[in-house]
Amino acid sequence: QVQLVESGGGLVQAGGSLRLSCAASGTIFSSNTMGWYRQAPGKQRELVASITSGGSTNYAASVKGRFTISKDNAKNTVLLQMNSLKPEDTAVYYCRFAAGYSIASMPGYWGQGTQVTVSS
């Protein structure tokens, strides 16, 4: 089992920045992928960004150039730096830990979610 604790959500004005953090604990597989999904009201959950234990990153087209994902393997922590935020970035952001080289690998675990609200 893997437990995920998220922090860093909140309310920010358009153009502002926020940083999300997710710390994993428990049975951590050395080969893993961590990342962030988001879900806005009435919409499906979508992948925002992911990073493998080897450092390979993947971003949704809508956030590329504005968001940066990074990972501290020693601390099993993933960070999402979000800059130039837009109202359409408003959503609940969920951290995911996957045991493998893809964010969709199984077993996978979810955090509880953290709200990000961007006002216009």
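Strand 2 (residues 10-13) runs parallel to strand 11, and four bridges join the two; strands here are DSSP runs of E with at least two residues, numbered from the N terminus, and two of them pair if DSSP finds at least two bridges between them. The model is predicted, with local features requiring pLDDT of at least 70 and side-chain atom pairs counting only at pLDDT 80 or more, while totals for chains, interfaces and linings use all residues. Residues are numbered from 1 along each chain as its sequence is written, and side-chain values use heavy atoms, leaving out hydrogens and water.

Within strand 11, Thr117 is the bridge partner of Leu11. Strand 9 (residues 91-98) is joined to strand 11 by three bridges and runs antiparallel, with Tyr93 partnering Thr114.

Turning to charged side chains, a search of the whole structure finds three salt bridges (a side-chain nitrogen of Lys or Arg within 4 Å of a carboxyl oxygen of Asp or Glu). In one of these, the closest N and O atoms of Glu46 and Arg38 are 2.7 Å apart. Arg38 also pairs with Asp89, at 2.9 Å between the closest N and O atoms. Arg38 lies in strand 4 (residues 33-39) and Asp89 in the loop between strand 8 (77-82) and strand 9, so this pair ties together parts that are 51 residues apart in sequence. Asp89 in turn meets Arg66 in a salt bridge (2.8 Å, N to O).

Asp89 and Arg66 are both buried (under 20% relative accessible area, with exposed over 50% and partly exposed in between; 1.4 Å probe, protein chains only). Arg38 counts as buried because its relative accessibility is 7%, whereas Glu46, at 36%, counts as partly exposed.
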